[in-house]
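Please read them with the model open.

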Amino acid sequence: DVGVTEHDEKQIGMYYHLKDSEKLPVVLMKQLEPEFESSFGHTLMIRKVGLDLAADVDKGDGQVILIDGKRGCGKSAMALYAAHYAQESGQLLLSCGMNDKYLWDDRLGRIDIKPIEGMAYPSVFAMPDMAQRYFHWLRDTYEDKMKAIVVKGNYGVEDYYDIKPWADELEQELNPTRKLAEERLIPEDKRGTKPSLYDFLNYASQDRAIAATLTPAFFEEIRAIDEMKVCIVMDEFNSLIINGTEKDSAKSEFMEVEVWRDIPRARLSLVDGFVSMAENPPKNGTVILAPTFQQYKRIGMERYKKYFVTKQYEVGYYTPEENKNAFLHYSLSTALEPVVQWEEYERIKGLTGRHPEEFRKFTGLGPPCREGAAFQ
């Protein structure tokens, strides 16, 4: 296995194993989880478009890059490839999406769009602040990187090491992160002349109100990082866009319009912050967007494509070698009989764009199998 930072054009069409995949954002891994579980583990194809994306990530010059293509053609795979490259090359990798367990897990305050009898969307009103939980996770996951980044702005915080005591036993039960913030305080003799982003996150994670207040400041800090490059990857990006009208919002899988109306905007400040990165990216980094393909959701993407996207990759074109390997890989990973069942699988249609009989000739896989025969 060659590391992702060492890939070159000689390896196009080959598959490789993702090193340290447990460190990649769960939201990106989850998109390909069914395929990973049923095939060869955490593997991705090395594609020409992936190498081009990696080169853009390496530049880190403030670009907003859109990965586009038909459903099933590999948008999520290329987003994950770019994220893996960023991680392995030492960049700060951030992500947000519909499958992010740190935001939507029931224990952490998932928004439940199905009301329970006698209760009006209970998790909306009992939902722990997403920003508080995210800051808590980010502080511990990227501890070394966070300690290396100095806070640039002045946000009216007198003392980033001032962790407030609990008001009462009930707050202690409902807000365990305050105790954790107290335990994670940097010792006084090891503090820098200016607070680090680690100190910022630790201070913000102690309380949901403080976290919500400092969320805009957090994204300003991400934009201003100069100690290292930053890569922000958002899969199913148009599912995160909360449009300005009820009519538009009802078209999004993010939440039903009835729920959207009832949620305080501060509770969604983290999602808003990530979406804003597509409009104002880090000066020393890259933002990568991979939208979901459903046509009825693409309206919300047009504004970003028109005003903010600086480069676009169409990932639906595969070379004959890429097509052959991807088709074989997906056939094995789904136990699919591609000649008979191909119309049932969006991934196959996304890869081929043609009838399987034509496709087999195109890729050199041999003559078409008779109906019902095993794939060879």
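**Notes on helix and sheet packing**

1. Val49, Gly50, Leu51, Leu53, Ala54, Val57 and Asp58 in α3 meet Met78, Tyr81, Ala82, Tyr85 and Ala86 in α4; contact means heavy atoms within 4.5 Å. The residues of this contact divide into 10 nonpolar, one polar and one charged. Here Ala, Val, Leu, Ile, Met, Phe, Trp, Tyr, Cys and Pro count as nonpolar, Asp, Glu, Lys and Arg as charged, and the others, Gly among them, as polar.

2. This is a predicted model: local features need pLDDT of at least 70, side-chain atom pairs count only at pLDDT 80 or more, and totals for chains, interfaces and linings use all residues. Residues are numbered from 1 along each chain as its sequence is written, and side-chain values use heavy atoms, without hydrogens and water.

3. Helix α3 spans residues 48–59 and helix α4 residues 75–88. Helices (H or I, at least four residues) and strands (E, at least two) are DSSP runs, numbered from the N terminus. The two helices pack at about 40°, axes 9 Å apart. Axes are lines fitted to C-alpha atoms, for helices over the stretch in contact; angles run from 0 to 180 degrees between N-to-C directions.

4. The sheet is open, with five strands in the order β4-β5-β6-β3-β7 and parallel pairing. Two strands pair if DSSP finds at least two bridges between them. The edges are β4 (92–95) and β7 (311–314).

5. Four bridges join β3 (residues 63–68) to β6 (residues 285–290). Isoleucine 65 has isoleucine 288 in β6 as its bridge partner. α3 packs on the sheet, touching β3, β5 (230–235), β6 and β7. The direction of α3 makes about 160° with that of β7.
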